[in-house]
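Reader: I have a new model on my screen and would like a guided tour. Please take me through it one question at a time.

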Amino acid sequence: MKPNYLTILITTLCIFFNACHNSNTAPQLQLADSLIDKRADSALCILEKLSIEEISNKSAKAMYALLLTEALDKNFKSHRNDSLILIAVDYYKDNSNNKLKTKAYYLGRVYQDNKEYIKATEAYLTSSNIKYIDNQLVTAIKVQMICKCKYKTI
């Protein structure tokens with residue numbers, strides 16, 4: 001019986017791609033990160049194809065959690081709970097990269113979506129106290145706080 005070379009090739013490729021699946025997440029996260037500001041819908045599409053359970057590296061999990069939360073927010077999708085963003089917040093709180101720490105702003109957005117306004121305000125204030133913060137994010141935080149303070153009675 002003659003071996004079918006096409007079957008052997010396909011089987012070998014399947015084994016190769018399954019073995020490399022985990023290492024394939026880093027480029028996808030980098031691509032999503034590069035798209036998040038201008039093409040948030042494309043970034044969300046990339047991120048939704050991934051699963052946090054498949055990511056073994058802690059820093060990649062934190063980046064995935066942060067990017068997915070940000071992409072959901074930028075696509076005006078409600079956040080169901082804080083478990084995803086807390087992965088990123090817990091990881092980055094001791095990180096020296098202040099730009100990533102400022103993304104804790106999205107914790108406030110998650111709390112806001114879940115009508116936990118006091119926690120949202122605390123998260124906004126925490127992220128606004130970090131040294132590195134861009135003007136667009138500061139403006140967004142101020143608008144969120146003004147709206148909630150003005151229209152929400154505690």
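Reader: Let's start with helix H7: which of its residues are buried?

Author: Happy to. H7 covers residues 105-113 and is mostly covered, with eight of its nine residues buried; helices here are DSSP runs of H or I with at least four residues, strands are E runs of at least two, and both are numbered from the N terminus. Buried means under 20% relative accessible area, exposed over 50%, and partly exposed in between, using a 1.4 Å probe and protein chains only. The buried residues are Tyr105, Tyr106, Leu107, Gly108, Arg109, Val110, Tyr111 and Gln112.

Reader: What pLDDT do side-chain atom pairs need in order to count?

Author: Residues are numbered from 1 along each chain as its sequence is written, and side-chain values use heavy atoms, leaving out hydrogens and water. This is a predicted model, in which totals for chains, interfaces and linings use all residues, local features need pLDDT of at least 70, and side-chain atom pairs count only at pLDDT 80 or more.

Reader: Good to know! How many helices does the protein chain have?

Author: Read along the sequence, the pattern is α-α-α-α-α-α-α-α-α. The chain has zero strands, and its helices number nine.

Reader: What share of the residues in the chain is buried?

Author: The chain exposes about 10300 Å², with 56% of that supplied by carbon and sulfur atoms; these areas come from the Shrake-Rupley method with a 1.4 Å probe, and for residues only the protein chains shown count as cover. Of the 154 residues in the chain, the buried share is 34%.

Reader: Moving to H4, how many of its residues are buried?

Author: H4 has 17 residues and reaches 24 Å from its first C-alpha to its last, close to the expected 24 Å, where the expected span is 1.5 Å times one less than the number of residues. Among its buried residues are Ala60, Tyr64 and Glu70. H4 is mostly covered, and its buried residues number 12 of 17.

Reader: Is Glu70 buried or exposed?

Author: Glu70 sits in helix H4. Beyond neighbours within four places in sequence, Glu70 is in contact (heavy atoms within 4.5 Å) with Ile36, Asp37, Lys103 and Tyr106. Because its relative accessible area is 2%, Glu70 counts as buried.

Reader: At what angle do H2 and H4 pack?

Author: Leu29, Ala32 and Asp33 in H2 meet Ala60, Met63, Tyr64 and Leu67 in H4. By class, that contact has six nonpolar, no polar and one charged residues. Axes are lines fitted to C-alpha atoms, for helices over the stretch in contact, and angles run from 0 to 180 degrees between N-to-C directions; nonpolar covers Ala, Val, Leu, Ile, Met, Phe, Trp, Tyr, Cys and Pro, charged covers Asp, Glu, Lys and Arg, and the others, Gly among them, are polar. With the axes 10 Å apart, H2 (residues 25-35) and H4 (residues 58-74) pack at about 35°.

Reader: And how far apart in space are Glu54 and Thr25?

Author: Thr25 lies in H2 and is buried, since its relative accessible area is 6%. Glu54 is in the loop between H3 (40-48) and H4, and counts as partly exposed because its relative accessibility is 32%. Although they are 29 residues apart in sequence, their C-alpha to C-alpha separation is 8.8 Å.
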